[in-house]
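Let's walk through this structure together, one piece at a time. Keep the picture in view as you read.

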Amino acid sequence: MVVIDAASPTPPPYIQLWAQLARQIQERSLVVGTRLPTIRRLAADLGLAVNTVGRAYRELEEPG
């Protein structure tokens, strides 16, 4: 589960999203091969802009 906190000292939201997903991947709570929600779906679910979620996804893809 991902939660974006507008009052968090870790802005912007894409960093919060990236960090939470990266942590889930490292902890193996997000299993390899698991399909993430589409950018549009996750953006709608979290109340974020599509570009924000897209940027977080791109940042996750860069290191492999």
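A residue is called buried when its relative accessible area is under 20%, exposed when that value is over 50%, and partly exposed in between, using a 1.4 Å probe and protein chains only. Gly-54 has 4% relative accessibility, so Gly-54 counts as buried. You can find Gly-54 in helix α3; helices here are DSSP runs of H or I with at least four residues, numbered from the N terminus. Between the C-alpha atoms of Gly-54 and Ala-7 there are 22 Å, and these residues are 47 apart along the chain.

A word on what you are viewing: this is a predicted model, where local features need pLDDT of at least 70 and side-chain atom pairs count only at pLDDT 80 or more, while totals for chains, interfaces and linings use all residues. Residues are numbered from 1 along each chain as its sequence is written, and side-chain values use heavy atoms, leaving out hydrogens and water.

Now turn to helix α1, residues 13-26. The expected span of a helix is 1.5 Å times one less than its number of residues. After α1 comes Arg-28, with a positive phi near 65°.

Which residues of α1 are buried? They are Tyr-14, Gln-16, Leu-17, Gln-20, Leu-21, Ala-22 and Gln-24. Their cover includes α2 (39-46) and α3 (50-61). Take Gln-20, whose relative accessible area is 13%, so Gln-20 is buried. Leaving aside residues up to four places away in sequence, Gln-20 touches Met-1, Val-2, Val-3 and Ile-4, where contact means heavy atoms within 4.5 Å.

Technical notes
Helices (H or I, at least four residues) and strands (E, at least two) are DSSP runs, numbered from the N terminus.
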